[in-house]
Amino acid sequence: LNYVAVENYPTTAFTNFWGQYGIQPLIYPSQSATRVPTGGYPNTTLTGFTNFGSGNVAYYHIPHWQFTDSLSWTHGKHTLRFGGEVVHFAANNINLGSQAGTLSFTNTSAGPTTGYGMADLLLGLPASSGNNPYRYQLYVRSAAPSVYVQDDFKVSSRLTVNLGLRWEVNMPVITYAHNLAGFDPATGRPVVQADPAPFPFNVTIPYEVLKTRSLWNTDWHDFAPRVGFAWQPLGDGKTVVRGGAGTFYNNQTVLNNFSSFPGAVPYTINNTYTSSIAAPLSLSNPFPSSGAVTSNSPVGVDANYRNPRVYEWTLGVQRQVFNDTVLDVSYVGTSSSHLQGTQNINQAPPGAGTPAQVNARRPYPQFGTISYTEWAFNSNFESMQVKLNKRYAYGLSYTFSYVWAHSIDDLGAPTNQFDFSTARGSSSFDIRHRLVISAVWELPFGKGRQFVKDGIASQIIGGWQLSPLFQWQTGIPLTATLSGNYTNVGGGTDRPNLTCDPNSGAPHTVKQWFNTSCFQVPAANGAAGALYRFGTEGRNVIQGPGLVNFDLSLVRAIPIRERVMLQLRGEFFDFLNHPNFGVPNVTADGGPSFGTITSTIAPNVQTGGSNRTIQVALKIVF
């Protein structure tokens, strides 16, 4: 049983600032209002001064328990294992946001203000204000029961086979505080769970609400077979072939991924008020009963829930090439499906117009962005992994490791939210090649070594240990973007048109890392592309700079007594002082800086520096 409790709020959050004036920014606080402060001072913006207020109240209690049991039975050549577990996830959370409301004195109001922020504050004349009348505690729960059976079958002295089957259910999130809320694209209305409770407050909901039994269903068919083997084909104990394949499922992240559903429209209302001559704001009437601009963005979820899964397979050969050296060559592949992702199903089509006209073009004009969770995304990964490892002998050990890998997925957000073909591409973490060479070498000088065994020279140059570490890898992929609003779709980042391979014929210099002429920026006259059209560039088409780094350490142990030793250590990070470039500017409409590199990165986590760093240490070991 694990239990985490976090309560984040200042003491001023207990102060009922507005109550003395008969004002209540937060109409419905929470079902634990006796424990969570719902007052405080409004979060205030004042031009020329630091923002002030009581901040936001956050309250987390996260209990988690897990029960596991297993049984093992050996019979002949079979070793059978049976078991099961139940994992229970929970998150009790409340985030009241600006529970005391917000006030802004920013000299930008069209209302009866002085034009000076401090004077407006003293007169009690805000330019704008805001409040969130309804906030609720989130009692989200989820459970994941599972059972399994596995058989380790020793077919012969040279072949062992592993067979297994697991069944698990990663159940959808439910809540006990109030109903989950979502959005139904078919009807264009918010939906809430019909159970376990009706609306927990006595106010008029400004939407016609469809009630449903559940926001998404349970996937009961998550069977995960496993198979593996280890085989010595030559029978000499020097060559082993290993392989395996299996299916693996993913538990849901209870709080972070699903916290928006319990507090979504129609439960949460975000009101913004702007002062005007006809309807001025004041400290005596900061949140009027009318005139609010309501910013509500529903969230939706595909009811046809499929648990995210990974199909993984591997095949490798391990060979002892010398008595102390082993070569391992393996192929590793994975294919993931039904991954969780989001889509804005309320994106307006491209076109000219004011923000109001853009909203009118949306599929659901009464709402803004609608983030719709789906289980329809995929990824693939393939790699060849080579490792040569020499165990310590004769004062030397080393490891040579090389990986070729390629990861592809469609989890990147495309400009056109209704066409995910441009979302599929190399993963943002994709590194195609990586080489690491490390060694520990006790130099052959000094007493008991091969050379310079006696005399003063042996005392000086003997007993040293040299440890180099070399790393080389290719860069991560990048996507060119546009800073301007060329499509006018009401949000999102636009991309340019792509006319050629930006990596082909690229100079790869800090002045121009990739071929910038491959990108076509829309222009007002349509000569270089067309306005109000989505760009043709795919995702992660630019190959970023790689990394080269060489570290070196030199250590000498000096015995003082039988149990006391003095250790002298010199460490050289980025020994060759090789520059590793940062990512280039990928803003296609950014002028001459497009494609240029203006920074270097730090290859050393230990030092955090981007240049050669030398440190010397003296340590007594006893």
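Tutor: Happy to! Let's start with a bridge: Trp404 has His433 in strand 23 as its bridge partner. Before going further, note that this is a predicted model, in which local features need pLDDT of at least 70 and side-chain atom pairs count only at pLDDT 80 or more, while totals for chains, interfaces and linings use all residues. Residues are numbered from 1 along each chain as its sequence is written, and side-chain values use heavy atoms, with hydrogens and water left out.

Now back to the strands (DSSP runs of E with at least two residues, numbered from the N terminus; helices are runs of H or I with at least four). Two of them pair if DSSP finds at least two bridges between them. Strands of a sheet pair through backbone hydrogen bonds, either parallel or antiparallel. Strand 21 (residues 396–409) runs antiparallel to strand 20 (residues 371–393), and 13 bridges join the two. Ser379 meets Asp409 of strand 21 as its bridge partner. These two strands form a hairpin with two residues between them, where Tyr394 takes a positive phi near 55°.

Nine bridges connect it with strand 23 (residues 433–442), and two bridges connect it with strand 22 (residues 425–426). In strand 22, Ser426 is the bridge partner of Ile408.

His338, in strand 19 (residues 325–344), has phi near 55° and is not a glycine. With a relative accessible area of 22%, His338 is partly exposed (buried means under 20%, exposed over 50% and partly exposed in between, using a 1.4 Å probe and protein chains only). Asp574 is also a residue other than glycine with a positive phi of about 55°. Asp574 sits in the loop between strand 30 (565–573) and strand 31 (613–621), and is buried at 1% relative accessible area.

Elsewhere, five strands make an open sheet of mixed pairing, in the order 2-5-6-15-16. Its edges are strand 2 (43–46) and strand 16 (293–294), each of which pairs on one side only. Within that order, strand 6 (residues 128–131) and strand 15 (residues 271–274) pair in the antiparallel sense over four bridges, with Ser128 standing opposite Thr274 of strand 15.

Next, the aromatic rings. A pair of aromatic rings is described by the distance of the centres and the angle of the planes. Rings of Phe, Tyr and Trp (its six-membered ring) pair if their centres lie within 6.5 Å; planes under 30 degrees apart count as stacked, over 60 as edge-to-face and the rest as tilted. That rule gives 17 aromatic pairs. One of them is tilted, because the rings of Trp167 and Phe223 have centres 6.3 Å apart and planes at 35°. This pair links distant parts of the chain: Trp167 lies in strand 8 (residues 159–168) and Phe223 in strand 13 (residues 223–231), 56 residues apart. Both partners are partly exposed, Trp167 at 27% relative accessibility and Phe223 at 44%. Phe514 and Phe519 make an edge-to-face pair, because their ring centres are 5.8 Å apart and their planes stand at 80°.

Phe223 returns on the surface: together with Leu71, Trp73, Phe82, Val149 and Leu165 it forms a nonpolar patch with about 560 Å² of accessible area. Trp73 belongs to strand 3 (residues 57–75) and is partly exposed at 45%. Patches take residues with over 30% relative accessible area and no salt bridge, joining like charges within 9 Å and nonpolar side chains (Val, Leu, Ile, Met, Phe, Trp, Tyr) within 5 Å. A salt bridge is a side-chain nitrogen of Lys or Arg within 4 Å of a carboxyl oxygen of Asp or Glu. Areas come from the Shrake-Rupley method with a 1.4 Å probe, and for residues only the protein chains shown count as cover.

Finally, the whole protein: it has four helices and 31 strands, and 41% of its 622 residues are buried. The accessible surface comes to about 32,000 Å², with 57% belonging to carbon and sulfur atoms.
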